[in-house]
Amino acid sequence: MDFALSPTANELRGKLLAFMHERVYPAEAVYREQMAASGDPHHHAPIIEELKADARSRGLWNLFLPHKTQWNDGLSNIDYAPLAEIMGRSPIASEACNCSAPDTGNMEILTMFGTDEQKERWLHPLLEGEIRSCFSMTEPAVASSDATNIQLRIERQGDEYVLNGRKWFISGAAHPHCAISIVMGKTDPDAATHRQQSMVLVPMDTPGVDVMRNLTVFGYSDAEGHCEVDYDDVRVPVGNVLGEEGGGFAIAQARLGPGRIHHCMRTIGAAERALELLCERLLSRTAFGKPIAEQGIWEERIADARIAIDQARLYTFYAAWLMDTQGNKAARTEIAGIKVAIPLMALQVIDDAIQGFGGAGVSQDTPLAAMYAWIRCLRLADGPDEVHRRSIAQRELRKHRA
Ligand SMILES: Cc1cc2nc3c(=O)[nH]c(=O)nc-3n(C[C@H](O)[C@H](O)[C@H](O)COP(=O)(O)OP(=O)(O)OC[C@H]3O[C@@H](n4cnc5c(N)ncnc54)[C@H](O)[C@@H]3O)c2cc1C
C-alpha cells in the first residue's frame with residue numbers, strides 16, 4: 001500500500017493550509033456575525049462568496065473531482081483524503097472550496113450519468129459554484145434506510161414525468177442558491193425490486209415543488225437546511241431522467257460510495273480540531289493546584305484520542321487506496337466500515353473535549369456542541385450504522401457459508 005501524496009496533492013495541501021489560516025479560521029467569527037445579523041437561519045452570508053473567490057484564485061476549487069477538468073487534473077481518493085480532512089476542520093471551508101455535500105455527490109452522478117444537455121444546464125453552474133443542489137431520497141412515511149421502500153411516484157404521461165410524493169431531511173433545500181433537486185422515486189412498481197426506481201432532475205422552481213419546512217438537528221437550524229419537501233403533480237420533461245429509466249438504484253449506489261468516504265475524511269478533521277482545542281484548554285486552566293492537563297485522567301483521554309484518530313485515518317486511507325486501485329465496488333466493506341467507525345470515534349473525541357471545557361463546551365462559545373450535533377447525525381445520514389454493519393456481516397458470513 002502506498003499512502004504517499006502525489007506532488008500535486010502535496011502542493012495543494014500547502015496552499016489549503018495557508019488558506020485555512022489566512023482566511024477561513026478568521027472568517028468563522030465574521031460568518032457567525034453575518035448570520036446572526038440577518039435574523040435568517042438560511043441566509044447566505046456574504047463572507048462565503050468572498051472566500052469562494054479567494055479559494056478559486058488559489059486553485060483550491062472542486063478538489064473532490066476525480067477526473068481532469070479546467071480546475072485540476074483530478075485527484076485520487078488517497079490524494080483527496082488529507083485535503084478533505086483539512087476542510088473538515090471548519091464548518092465553512094468545504095463550501096468555500098466548492099467541495100460540500102450534497103453537491104459533490106450530485107456533481108459526480110451528473111458527470112457519470114448526465115446527458116450533454118443536463119451537464120450544460122446543471123453540472124456546469126454547480127462546478128462554477130453559481131448554484132447549489134439537493135438529493136431527495138428519504139421519505140417520512142417509510143423506513144428509508146431500505147431504499148426499496150421508497151414510494152414517491154414518477155409516472156410517465158406523454159413527454160412528461162409527473163411526480164407525487166413527500167421527502168424529508170433533504171439537505172441543502174433551504175439554501176437560497178439551491179436550484180436543482182435530484183429526486184428518486186418509483187417509475188415501475190411492478191418491475192424487479194432494484195429496477196423499479198429512477199432518478200429525475202427537478203428544478204426547484206417547478207410548480208408543485210413545496211419546501212414545506214426545515215427540520216432542526218438537536219435544535220440547530222443548519223444554514224443549508226434539512227427540509228421536508230412535497231412534490232404535488234410536479235411535471236418535468238422525460239429528458240430530465242438521469243441515466244436510464246429503472247436505473248435509479250444503481251445510481252444511488254454509485255453516489256453513496258464517494259459521498260460516504262468524503263464525510264469520513266471531513267469528520268477526522270473535526271476530531272483533530274476538537275483534540276487541539278481540548279489540549280489548549282487543559283493547558284490553560286488550573287484546578288486543584290495544577291493544570292488540568294496534568295491530571296492523570298486527561299493524559300489517558302488525550303492519548304486515547306490520538307490513538308483513535310490515527311487508527312481512523314489509516315482505515316480511511318486504506319478504503320481510499322482500495323477505491324483507487326480496485327474500484328469502489330471492491331471497497332464496499334471498507335467504506336461501510338469507516339462509515340460506522342469514524343463518526344463513533346469522532347463523537348468520543350468531541351465528547352471528551354466538551355467535558356474538558358466544562359460548561360463552555362456545551363455553549364455557543366466553542367464549535368464543539370454544533371460539531372457534536374452534526375457528527376451524531378452522520379450515524380444516520382447516508383444510511384444508519386446498523387445497515388452498514390448488516391452488509392459487512394453478511395459478506396463476512398458468506399465467506400464461511402461458502
Ligand atoms: C442531518 C441529516 C441529513 C440528511 N440528509 C439527507 C439528504 O440530503 N437526502 C436524503 O434523501 N436523506 C437525508 N437524510 C436521511 C437519512 O439518510 C435517513 O434518515 C437514513 O437513511 C435512515 O432512514 P430513516 O430516517 O427513514 O430511518 P428508518 O429507515 O426508519 O430506520 C430507523 C432506525 O431503524 C434501525 N434499522 C434500520 N434498518 C435496520 C437493520 N437492518 N437492522 C437493525 N436496525 C435497523 C436503525 O437504528 C435506524 O436508525 C439525512 C438525515 C439526517 C439526520
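Biologist: What separates Tyr-318 and Trp-321 in helix 8 by about one helical turn?

Modeller: They're three residues apart in helix 8, so about one turn lies between them. An α-helix has 3.6 residues a turn, so residues three or four places apart point the same way. Bear in mind that this is a predicted model.

Biologist: And why is the aromatic pair of Tyr-318 and Trp-321 called stacked?

Modeller: The ring centres of Tyr-318 and Trp-321 are 6.1 Å apart, with 20 degrees between the planes. Centres within 6.5 Å make a pair, and planes under 30 degrees apart count as stacked, so both tests are passed. As for Tyr-318 itself, its relative accessible area is 27%, which makes it partly exposed.

Biologist: How many aromatic pairs turn up in a search of the whole structure?

Modeller: Three. One of them is Phe-3 with Phe-317, with centres 5.6 Å apart and planes at 70 degrees. Over 60 degrees counts as edge-to-face, so that's the label here. This pair links distant parts of the chain: Phe-3 sits in the segment before helix 1 and Phe-317 in helix 8, 314 residues apart.

Biologist: What makes Phe-317 buried, and what is Phe-3?

Modeller: Buried means under 20% relative accessible area, and Phe-317 comes in at 14%, so it qualifies. Phe-3 is at 25%, so it counts as partly exposed.

Biologist: How do you know that helix 3 is largely enclosed by the rest of the structure?

Modeller: Because 11 of its 11 residues are buried. Among them are Tyr-80, Pro-82 and Glu-85. The cover over those buried residues includes helix 1, helix 4, helix 7 and helix 8.

Biologist: Where is Trp-71, and is it buried or exposed?

Modeller: Trp-71 is in the loop between helix 2 and helix 3. With a relative accessible area of 17%, against a cut-off of 20%, Trp-71 is buried. Beyond its neighbours within four places in sequence, Trp-71 is in contact with Arg-56, Trp-61, Asn-62, Leu-65, Leu-127 and Glu-128.

Biologist: Why are helix 7 and helix 9 called roughly parallel?

Modeller: Their axes come within 9 Å and cross at roughly 20 degrees. Angles under 35 degrees count as roughly parallel, so helix 7 is roughly parallel to helix 9. The crossing is left-handed.

Biologist: Which residues of helix 7 and helix 9 meet?

Modeller: From helix 7, they include Gly-257, Cys-264 and Leu-278; from helix 9, Ile-335, Pro-343 and Gly-356 are among them. The contact divides into 17 nonpolar, three polar and four charged residues.

Biologist: What makes Asp-233 stand out in its phi?

Modeller: Its phi is positive, about 50 degrees, although Asp-233 is not a glycine. Most residues other than glycine have a negative phi, and most peptide bonds are trans. Asp-233 lies in strand 7, and at 45% relative accessibility it is partly exposed. Asp-382 also has a positive phi, about 60 degrees, and is not a glycine. Asp-382 lies in the loop between helix 10 and helix 11; its relative accessible area of 22% makes Asp-382 partly exposed.

Technical notes: Residues are numbered from 1 along each chain as its sequence is written. This is a predicted model: local features need pLDDT of at least 70, side-chain atom pairs count only at pLDDT 80 or more; totals for chains, interfaces and linings use all residues. Side-chain values use heavy atoms; hydrogens and water are left out. Axes are lines fitted to C-alpha atoms, for helices over the stretch in contact, and angles run from 0 to 180 degrees between N-to-C directions. Helices (H or I, at least four residues) and strands (E, at least two) are DSSP runs, numbered from the N terminus. Angles under 35 degrees count as roughly parallel, over 145 as roughly antiparallel, 65 to 115 as roughly perpendicular and the rest as oblique. A crossing is left-handed if the near helix is turned anticlockwise from the far one by less than a right angle, and right-handed if clockwise. Contact means heavy atoms within 4.5 Å. Ala, Val, Leu, Ile, Met, Phe, Trp, Tyr, Cys and Pro count as nonpolar, Asp, Glu, Lys and Arg as charged, and the others, Gly among them, as polar. Buried means under 20% relative accessible area, exposed over 50%, partly exposed in between (1.4 Å probe, protein chains only). Rings of Phe, Tyr and Trp (its six-membered ring) pair if their centres lie within 6.5 Å; planes under 30 degrees apart count as stacked, over 60 as edge-to-face and the rest as tilted.
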